[in-house]
Amino acid sequence: MADISLTQPDCVLSVREVFGIDTSLQVPAFTERDDHVPDVDPVYRFNPAVTMAILAGFMRDRRVMVQGLHGTGKSTHIEQVAARLNWPCVRINLDGHISRLDLVGKDAVVLRDGQQVTTFQEGIVPWALQRPVALIFDEYDAGRPDVMFVIQRILERDGKMTLMDQNRVLRPHPCFRLFATANTVGLGNLNGMYHGAQRLNHAQIDRWNIVASLNYLPADEEVAIVLARVPGKAGEAGRALVRSMVAVAELTRKGFAAGDLSTLMSPRTVITWAENCEIFRDPVVAFRLSFLNKCDEAERPIVAEYFQRCFDLELDESFERVAVDRPA
Amino acid sequence: MSTAQATARRQQRVEELCAASIRALCGEADLHFRARRLHRGQRALPLFGPHLQPSFEDDDFGSFRGAADAIALRLTHSEGVLHRSLCPPDPVRRWVFESLEQFRVEALAPSDWPGLARNLRHRFEQWSCTFHRSALIDSASGLLLYTVAQVARARVTGQPVLEATEGLIEVTRGGIAATLGTALAGLRHEREDQAAYARHALAIAGHVAAMLRAVEDDAAFDGAIDDDTAAHDRGFSLLFDFDAVVDDDLPTATPGTSRVLEAAVGAYRVFTTAHDVEVKAATRVRAALLAEYREALDRRIVEQGLNVARLARQLRVLLAVPTRDGWDDDQETGCIDGRRLSQLVVSPAERRLFRTERQRPVANCVVGFLIDCSGSMKQHIAAVTVLVDVFVRALEEAGVASELLGFTTGAWNGGQAARDWRRAGRPPHPGRLNEVCHLVFKDADTSWRRARRDIAALMKADLFREGIDGEAVEWACARLAARDEARRLLIVVSDGCPMDTATGLANDAHYLDQHLREVLRRQEQTGEVEIYGVGVGLDLSAFYSRSRALDLAEPPGNKACFEIVEMIAGRGRR
């Protein structure tokens, strides 16, 4: 992995100017962009509460976990904050197969002066620990809880890390930051939606200083996000269409919360739907392809009801149509 | 019967969809229809407006949608406590006040929901047309209420009055304009503010009540207020009683409350248990007859092409949980198997050195079927037997234990228990007064193969007499609760309310109904056993919080099985 030339933040940015949040806070940042700094997405919209939580992580060296349903843009949120601060950022997707060796490092055979030698190669955690890097554990709750104990120590602010394989104690770089995103809050797959989510150890959950919750946004915000992503819908008619789309998405979310649906529309689905509308030129066809086909067949009539409310159009699955077609 | 069953099915489907819409629109999870009335949890909500009770015979699905949307808006935008505190007590003023409040929330429908707006308008127009066609419109009072409703709604929502009746209401409209004009104008201004709006609404309600007293000449109309059911028989009702239980021609189990049981503070009594029995049903049927029944049953199952394997698959998905179950050795990927490392040294080409964890679906679950063996079930029993036999077989394939139980009484009209009661000098409030007979067709430890013949005993309809549901459910739950399985389900198949003539006569008509409801509530609270009600051509939602109406008039096919699976999966109504 290419090394990072930066060492310390060398400027301060005003939160009000950069993130549009009404506060006089100043946040340290780098002037130079490293290769590890994510690209800036100019249309990204920051959620004030979550942004403040993430900024606290960067400014005060807090361990921040962002929790929320899928498609709310948790990881992107952290990345975009890092991108604005020019803070190098490494994102790891955890899964059930990540082992201790992947995280800590392992002995590997390498060629040195034409000789095969066995040498210890650092894993991602010690590597990041010694550099000004924001390390993001994506899908933190997918990691096996027994493996995740590797990071137990570094979750504490001044926690040093002992590399037992090398008899070395690593002191974290003062600008090392640690973030995580998760769908659940460590209680496992309660609603059946997040298969593979593990129950986490609460001694570890407890060590995260800040747990920010990023849930679905108010309708106006969401409309703005979709319009920013899909500029083709910026006209008056397009805006009305997107409003209706967001209204359907909200109904599916409430339906999910009430247990009527087992699938829900995330903001990502709405964006996909809007994009597919551009391709197919028909919101009904695009809706079918972007969301309806993901639903269980038995739940489609309910989705058709939601759709009728917001669009005044009948889907083929609607009870109205089925009842009429069926011979008496 | 078939059409009645089909109607019951349709009704349930419509209610499921409407309830789902209401839940999504107002974001409250515990709203559902029971016995045609919207309930929040266990409590029935009042009827919010005269036009919010479409009828299943005359109104289309659009009307139900409109009513559902209107209720959802009412729940979202109207403060219930404030509304109740302002609500006038007498029926006419209350009718006007409720209607006006409903129009207010309908006017608040968000503009970017075109479908919802159309549903609301459609429902109100349908109601207006029905009102218009009814005899009530011919009376001066009826016309007055109709006009007030039309004019007020047009004012509040800004939509035009129904065109078809514009001429009809012209004169009355002119007549009330002077008295109600100011208040009507206030309605539209203050529609965002419930309390301010209510002042105008109460003023209108007061004026309308006064005007009605002035034209009090109408026997037909007075009758409608006094006796709403009479008006209902004529096909249209103004629904003055907003808290009444909905009574309809549709097959809905409508339980009443028992005064006797209420007076005894819920202490359900049994006069004597001396004659109660619990028997293996097969012992009551000749072996030769059992074999014959079994043969007929098998023939039916084959004829109907029921897919047991598919049902078993569905049930496994539903009831089984993936569980760690040891390791699979000899894998090419996974974790290294330490025991195989020596093999790597000996033959470096060997790649199957890994092992993976094995996950197996294990169903730690028992399902009990409790069949109502009352006389009226005789006509359905063949179909029910086919269904439960297939289920028992599929459950076994899915690794789920199952019980098949039934309940009836030992005799008609109380039998020996009633005789004992008469001999004891007919003491008052004797409680349950019959010989309860609990039948075991298959217990959880017997396999389907061994119980094949015993299950066929269900076909012996001569055993069927009366039904005492509450005690039977208690008994079945106790049997299931004694099992080790973590999840216990009880599916009660019934075609009506509890029925026992002697108990009904000696206590009162709803004695057993109420006991059943109490038992179900108790069991739901403890949560040891999940209870589901399967109504044979009947909506059992008044008793069971999770229920389905099945249409068994035609032979049960895969569809009926699937519906029961759906019910267990908890889709739709809860």
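Which residue in β3(B) is the bridge partner of Arg40(B)?

**Figure 1. An open sheet in chain B of the predicted model.** The sheet has 3 strands in the order β1-β2-β3, and their pairing is antiparallel. Strands β1 (31-34) and β3 (43-44) of chain B are the edge strands, each pairing on one side only.

**Figure 2. The pairing of β2(B) with β3(B).** Strand β2 of chain B covers residues 37-40. Between β2(B) and β3(B) there are 2 bridges, in the antiparallel sense. Arg43(B) in β3(B) is the bridge partner of Arg40(B), which answers the opening question.

**Figure 3. The crossing of helix α12 of chain A and helix α5 of chain B.** Angles of 65 to 115 degrees count as roughly perpendicular, so α12(A) is roughly perpendicular to α5(B). On the α12(A) side, the residues that meet α5(B) are Gln308(A), Arg309(A), Cys310(A) and Phe311(A). On the α5(B) side they are Pro114(B), Gly115(B) and Leu116(B). Sorted by class, this contact has 4 nonpolar, 2 polar and 1 charged residues.

**Figure 4. The contact of chain A with chain B.** Chain A gives 25 residues to the contact and chain B gives 20 residues. Helices α1 (2-26), α2 (61-77) and α5 of chain B each supply at least two residues of the side of chain B that touches chain A. The most come from α1(B), with 7 residues. By class, this side of chain B has 9 nonpolar, 4 polar and 7 charged residues.

Conventions
Residues numbered from 1 in each chain as written. Chains lettered and ligands numbered in written order. Predicted model: local features only at pLDDT ≥ 70, side-chain atom pairs only at ≥ 80, totals over all residues. Pairing = 2+ DSSP bridges. Helix = DSSP H or I, 4+ residues; strand = E, 2+ residues; numbered from the N terminus. Axes fitted to C-alpha atoms, helices over the stretch in contact; angles between N-to-C directions. Parallel < 35°, antiparallel > 145°, perpendicular 65-115°, else oblique. Contact = placed C-beta atoms within 7 Å. Nonpolar A, V, L, I, M, F, W, Y, C, P; charged D, E, K, R; others polar.
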